[in-house]
Amino acid sequence: MAAHEVESYVRQATRKIQDEYERISARSAEDPGTAGDEGEENWAEVLRDWLPSSVHVVTKGRLLCADGSTSHQVDVLVLSENYPAGLLKNKMYLASEVLAVFECKLTLKRGHVVETVKRAAELKRLVHKQHDRDVIYGLVSHSHSWSSDEVATTKISELLEESDVEYVQHPNEALDVTCVANLDTWASHCISPFGDGDEDFTSGYYRSHTEMPRDSNHFDCDPPPVGRMISSVYRHLASEDRRFAGMNLYFMRVGLGGAMACENPRTWSKSEIFRVRNKVKTIV
């Protein structure tokens with residue numbers, strides 16, 4: 001079956017990100033701060049274009065919990081439709097209404113991956129403790145710093161896995177999505193055991209795997225990384241709020257998420273999971 005029109009829309013968004021990277025990089029040495037701000041706005045625009053118009057996408061801010069505790073600063077935040085209009089200009093955002101946060105990089109480096117996995121676990125732990133809910137945490141980048149795409153893919157996968165073991169104490173604390181616009185997307189998933197026995201949960205960072213067979217009902221679509229990122233965000237949103245389920249299912253059916261696989265899943269015993277939290281978010 002021919003590629004769906006949605007794929008062409010995503011490719012347009014991807015080309016725009018790539019064009020912006022070339023433009024911003026040309027002057028980034030002169031003013032790194034402005035270059036970073038422009039990169040963040042690029043990704044904020046992608047989210048505004050692809051998420052429902054009812055949510056609010058803002059840049060630069062911290063999460064404010066009900067007890068007054070705060071998170072570190074993040075680059076882009078997605079706020080629920082319930083967010084008070086009079087508070088949108090304030091840079092301390094009410095944690096109960098933050099759906100997702102993203103850290104944005106122009107050129108992804110090793111330290112960015114490690115630090116973001118750590119920061120994601122810390123923020124998720126804070127919000128869960130105070131509000132008993134999960135926030136989607138993403139890392140998005142225009143490009144990468146490694147010598148080749150093959151090396152970058154291998155290194156990013158290894159860094160995600162190693163950092164997860166070091167900093168993540170529960171599958172819900174994992175970095176939900178990592179997207180390098182000109183390379184690939186990794187999405188964290190946790191798979192629960194089928195029975196009531198002692199089988200383990202497994203979690204991991206799934207990336208595109210073009211050799212996997214496609215369902216004959218799907219369009220012949222090999223979406224770019226930005227498309228996989230959008231689809232992954234909807235999958236995580238739908239796991240928390242059924243109002244996102246329709247768009248999530250649509251994007252899955254047209255193949256926007258692509259085929260993904262995890263080479264080295266991490267195992268968790270039931271006792272280990274439920275000792276830390278009384279629930280686990282499973283997305284398959």
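In helix α2 (residues 32–50), W43, V46 and W50 meet V226, M229, I230 and Y234 of α5, contact being heavy atoms within 4.5 Å. This contact holds 7 nonpolar residues, no polar and no charged ones. Ala, Val, Leu, Ile, Met, Phe, Trp, Tyr, Cys and Pro count as nonpolar, Asp, Glu, Lys and Arg as charged, and the others, Gly among them, as polar. Helices (H or I, at least four residues) and strands (E, at least two) are DSSP runs, numbered from the N terminus.

The model is predicted, and local features need pLDDT of at least 70, side-chain atom pairs count only at pLDDT 80 or more, and totals for chains, interfaces and linings use all residues. Residues are numbered from 1 along each chain as its sequence is written, and side-chain values use heavy atoms, with hydrogens and water left out.

**Helix pairs**

Axes are lines fitted to C-alpha atoms, for helices over the stretch in contact, and angles run from 0 to 180 degrees between N-to-C directions.

| Helix pair | Axis separation | Angle |
|---|---|---|
| α2 and α5 | 11 Å | about 60 degrees |
| α3 and α4 | within 9 Å | roughly 35 degrees |
| α5 and α6 | within 8 Å | roughly 140 degrees |

The α2 and α5 pair is therefore oblique; angles under 35 degrees count as roughly parallel, over 145 as roughly antiparallel, 65 to 115 as roughly perpendicular and the rest as oblique. α2 passes α5 in a right-handed crossing, and the crossing of α3 and α4 is also right-handed, whereas α5 passes α6 in a left-handed one. A crossing is left-handed if the near helix is turned anticlockwise from the far one by less than a right angle, and right-handed if clockwise.

Between α5 and α6, the residues in contact are I230, S231, Y234, R235 and A238 on the α5 side and A245, M247, N248, F251 and M252 on the α6 side. By class these are 7 nonpolar, 2 polar and 1 charged. From α3, R110, V113, V114, V117, K118, A121 and R125 meet L159, L160, S163, D164 and Y167 of α4. That contact has 7 nonpolar, 1 polar and 4 charged residues.

**Nonpolar cores**

A nonpolar core is a set of buried Ala, Val, Leu, Ile, Met, Phe, Trp, Tyr and Cys residues joined through side-chain atoms within 4.5 Å. Buried means under 20% relative accessible area, exposed over 50%, and partly exposed in between (1.4 Å probe, protein chains only). The largest core has 40 residues, of which L63, L77, V98, V101, I156, L160 and L175 touch the most other members. Elements that each supply at least two residues include β1 (56–64), β4 (98–108), α3 and α4. α3 gives the most, with 8 residues. Beyond its neighbours within four places in sequence, V101 contacts L63, V74, V76, L77, V135, I136, Y137 and G138. A second, separate core of 34 residues includes A13, A44, L51 and V76.

**Single residues**

I17 lies in helix α1 (residues 5–25). I17 counts as buried because its relative accessibility is 2%. Not counting residues up to four places away in sequence, I17 touches N42, W43, V46, H142 and A181. I17 and S143 are 126 residues apart along the chain, with 9.5 Å between their C-alpha atoms.

K60, in strand β1, is not a glycine but has a positive phi of about 60 degrees. K60 is partly exposed, at 24% relative accessible area. D132, in the loop between α3 and β5, is likewise not a glycine and has a positive phi of about 50 degrees. D132 is partly exposed, at 44% relative accessible area.
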